[in-house]
Amino acid sequence: MPKVLEQKLKLNNGTQIPIIGLGTYKLTDEQETYQAVLTALKNGYRHLDTAQYYGNEVIIGKAIKDSGVPRAEIFITSKIWNSDHDYEKALKQVDEILERLQLDYLDLCLIHWPTPKRLECYRALEEQYQAGKLKAIGVSNFEVSHLEELLQHCKVKPMVNQIELHPGLNNSEVLAYCRSHQIVVESWSTMMQGKASEVPVIVEIAKKHNKNVGQVCLKWAIQQEIVVLPKSSHEERIISNAQLDNFWLDDSDMYSLFTIPEQRLGPDPNNFDF
């Protein structure tokens, strides 16, 4: 099994999170999602990332049950969707997420986007954390301004911030702020939503190391101790996304990847309407 699948980072409450996990956004076909989770777990993945918004928690819960992998070995994340950021709704949604996943606890629960009711939602997460239903809590798509506000009001410091981050958007300001406050950063769209193959620098580095462009993007993040969540439903791609042990991006590679012009692929956390 690739060593990267055993590599973990320590959150600020002592919980350990695997540095690579299976992302499940847009995995909505029941059979496809079920097989993807089983395939990932069979091949050594021990981290699954889902969300209320993804609509696949029930089937992921079934796949976990059927996998035969002990619950304690799997790190499972979900997120509270924007429409449920009222304090009472968020409290209830944690229980409903656990019910859909057939779990007694979540390893990590995040606020999906920084809505106007984000502080209410976080207060609910703190309460469920204190109750033992959540082993870690955090946020997603929070910019520095959102984090500054949260740190002024929270009782429990967020452990994770999941953000868009890839060689085309290194998000250095948010990354530096999180590091200075012991908040682990997770990357979404690490492989640039298929656009990495259109970036000559990434293609060149991939050829140099005899790897594909997705593997280069994942390695770029992992070498910075950023959690990655590559999504795939294909067995060969799930396996190849973890084949990252036998190469290393040197200083010149990393420098080249940091010089790619910045381009956000997803919504702007300061300007979204959903």
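Modeller: Start with the rings. Aromatic rings count as a pair if their centres lie within 6.5 Å. This is a predicted model, and the structure holds seven aromatic pairs.

Biologist: Why is the pair of Trp-81 and Phe-274 called stacked?

Modeller: The ring centres are 5.9 Å apart and the planes are at 5°. Planes under 30 degrees apart count as stacked, so the pair is stacked. Trp-81 sits in the loop between β5 and α3, Phe-274 in the segment after α10, 193 residues apart.

Biologist: How do you know whether Trp-81 is buried or exposed?

Modeller: Its relative accessible area is 14%. Buried means under 20%, so Trp-81 is buried. Phe-274 has 39%. That value falls between 20% and 50%, so Phe-274 counts as partly exposed.

Biologist: What makes the pair of Trp-220 and Phe-258 tilted?

Modeller: The planes are at 55°, with the centres 5.6 Å apart. Stacked needs under 30 degrees and edge-to-face over 60, so this pair is tilted. Trp-220 lies in helix α8 and Phe-258 in helix α10, so the pair ties together parts 38 residues apart in sequence.

Biologist: Why does Trp-220 count as buried?

Modeller: Its relative accessibility is 0%, and the cut-off is under 20%. Phe-258, at 36%, counts as partly exposed.

Biologist: How do you know that the radius of gyration agrees with a compact globule?

Modeller: With 274 residues, such a globule would have a radius near 19 Å. The protein has 18 Å, which agrees.

Terms used
Residues numbered from 1 in each chain as written. Predicted model: local features only at pLDDT ≥ 70, side-chain atom pairs only at ≥ 80, totals over all residues. Heavy atoms only, no water. Rg over C-alpha atoms; globule rule 2.2 N^0.38 Å. Phe/Tyr/Trp six-rings, centres within 6.5 Å; stacked < 30°, edge-to-face > 60°. Helix = DSSP H or I, 4+ residues; strand = E, 2+ residues; numbered from the N terminus. Buried < 20%, exposed > 50% of the residue type's maximum accessible area, 1.4 Å probe, protein only.
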